[in-house]
Amino acid sequence: MTSTPPVTLEDVRDAAERIKGVAHRTPVLRSRTLDALAGAEVFLKCENLQRVGAFKFRGAYNAASRLSPEQLARGIAAYSSGNHAQAVALAARELGTTAVILMPEDTPRSKLEATAGYGAEVVTYDRYTGDRVALGEALAAERGLSLIPPYEHPHVIAGQGTAALELIEETGGLDALVAPVGGGGLIAGSATAAKGLLPGIRVIGVEPEAGDDTRRSLRAGERVSIPVPRTIADGLAAETPGALTFSVNRRLVDEIVTVTDDQIRDAMRLAFERLKTVIEPSGAVALAAVLAGRIDSLPSRVGLILSGGNVNAHRFAELLGN
């Protein structure tokens with residue numbers, strides 16, 4: 001007997017209705033220059049232009065909006081390296097409740113300040129010595145808050161999948177979809193939507209070279225843990241794939257490729273200079289993989305998710321200053 005998948009195309013469609021009018025329907029960017037460099041038609045889903053500057057608002061709002069009035073009255077908790085933190089903080093504000101967010105103490109200052117700016121209380125920890133899941137669960141239990149994890153939640157995954165749903169609705173047929181992989185929520189939701197609409201589509205995930213836990217896990221056929229990655233793509237610095245996301249991705253993701261920090265910088269530079277758009281390192285990995293030729297036999301029509309643009313001017317200049 002085939003088990004029911006934790007997230008379905010109908011769940012993604014339901015999430016799309018839930019976030020309509022609250023999340024942005026972000027634009028799809030085209031560039032003849034990029035097409036020439038890639039040797040394919042490339043369609044860029046610009047989640048750097050989403051509210052809070054990243055796709056994370058989709059899943060956070062979809063999950064938070066389903067809490068009961070009693071749960072909302074008590075408040076929401078989350079743990080995040082930045083973008084999910086901002087997303088939960090804004091979702092809480094939109095829903096008239098409060099949020100407490102656990103964040104690494106070395107999170108870029110712009111993300112810490114933005115999270116607090118949406119009205120959340122920020123609690124920090126050392127990502128290299130602390131277990132954020134255990135700390136986050138303890139914080140939520142101590143304060144009686146509803147915890148919304150960054151990817152290990154079916155409503156979060158379904159919400160993230162709305163980015164791919166919108167992309168395919170706008171572009172029609174695609175031969176491949178390329179998306180970043182951290183904990184695996186974005187690509188799990190995106191693969192659910194993409195393969196539900198286009199069964200023959202090739203779904204390709206991209207990780208930083210230093211943080212290839214999902215690639216190793218898919219090869220091993222089970223979840224594999226690695227040391228805390230040190231990479232400029234801080235939003236993708238996962239040590240272990242989520243159990244729920246891995247159960248989806250091992251069925252639906254066709255391959256994982258990796259990119260170096262220098263290749264990420266090159267993609268950020270090209271996006272800025274030629275496409276006139278700003279993307280953060282984690283948001284640039286799909287573009288980096290295409291530009292660096294990391295995807296074998298790139299098909300003719302390819303969708304890429306630019307997952308976020310949360311990088312301030314100083315950090316952006318620092319990264320690209322070489």
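**Close-up 1. Helix H10 and the elements it packs against.** The buried residues of H10 pack against strand E8, helix H11 (243–252) and strand E9. Helix H10 itself covers residues 213–220, and its buried members are Asp213, Thr214, Arg215 and Ser217. Just after H10, glycine 221 takes a positive phi of about 80 degrees. Here helices (H or I, at least four residues) and strands (E, at least two) are DSSP runs, numbered from the N terminus. Buried stands for under 20% relative accessible area, exposed for over 50%, and partly exposed for in between, with a 1.4 Å probe and protein chains only. Packing and touching rest on contact, that is, heavy atoms within 4.5 Å. Please keep in mind that this is a predicted model, in which local features need pLDDT of at least 70 and side-chain atom pairs count only at pLDDT 80 or more, while totals for chains, interfaces and linings use all residues. Residues are numbered from 1 along each chain as its sequence is written, and side-chain values use heavy atoms, with hydrogens and water left out.

Close-up 2. Glutamate 255 and arginine 202 form a salt bridge, with their closest N and O atoms 2.7 Å apart. Because glutamate 255 lies in strand E9 (residues 255–259) and arginine 202 in strand E8 (residues 202–208), the pair ties together parts that are 53 residues apart in sequence. Glutamate 255 counts as partly exposed, at 23% relative accessibility. A salt bridge here is a side-chain nitrogen of Lys or Arg within 4 Å of a carboxyl oxygen of Asp or Glu.

Close-up 3. The structure holds 19 salt bridges. In one of them, the side chains of lysine 20 and glutamate 17 meet at 3.2 Å, N to O. Lysine 20 is exposed at 57% relative accessibility, and glutamate 17 is exposed at 52%. In another, arginine 30 pairs with aspartate 35, the closest N and O atoms being 2.5 Å apart. Arginine 30 is partly exposed at 36% relative accessibility, whereas aspartate 35 is buried at 17%.

**Close-up 4. The largest nonpolar core, seen around valine 178.** This core has 37 residues, of which Val178, Ile264, Met268, Leu287 and Leu304 touch the most other members. Helix H13 (residues 285–291) gives the most to this core, with six residues. Leaving aside neighbours within four places in sequence, valine 178 is in contact with Ile204, Val206, Ala286, Ile295, Val302, Gly303, Leu304 and Ile305. Another core, of 30 residues, lies apart from it and includes Val7, Val12, Leu177 and Ile187. By nonpolar core we mean a set of buried Ala, Val, Leu, Ile, Met, Phe, Trp, Tyr and Cys residues joined through side-chain atoms within 4.5 Å.

**Close-up 5. Asparagine 62 in helix H3.** Asparagine 62 has its place in helix H3. At 0% relative accessibility, asparagine 62 counts as buried. Not counting residues up to four places away in sequence, asparagine 62 touches Ala15, Arg18, Ile19, His155, Ala158 and Gly159.

**Close-up 6. Two loop residues with positive phi.** Valine 52, in the loop between strand E2 (41–46) and helix H3 (56–64), has a positive phi of about 65 degrees although it is not a glycine. Serine 297, in the loop between H13 and strand E10 (301–306), also is not a glycine and has a positive phi, near 50 degrees. Valine 52 is buried, with a relative accessible area of 6%, but serine 297 is exposed, with 68%.

**Close-up 7. The largest pocket and its lining.** The largest pocket holds about 760 Å³ of space. Its lining has 43 residues, and the closest to the centre are Arg132, Tyr151, Gly183, Ala237 and Ala238. Helix H5 (83–94), helix H7 (132–143) and helix H9 (185–197) each supply at least two lining residues, and H9 gives the most, with three. A pocket is found on a 1 Å grid over the protein atoms alone, as an open set of points where a 1.4 Å probe fits, with protein on both sides within 12 Å along at least five of seven lines; lining residues have an atom within 4 Å of a point. The volume is the space filled by probe spheres set on the points, which are joined across faces, edges and corners.
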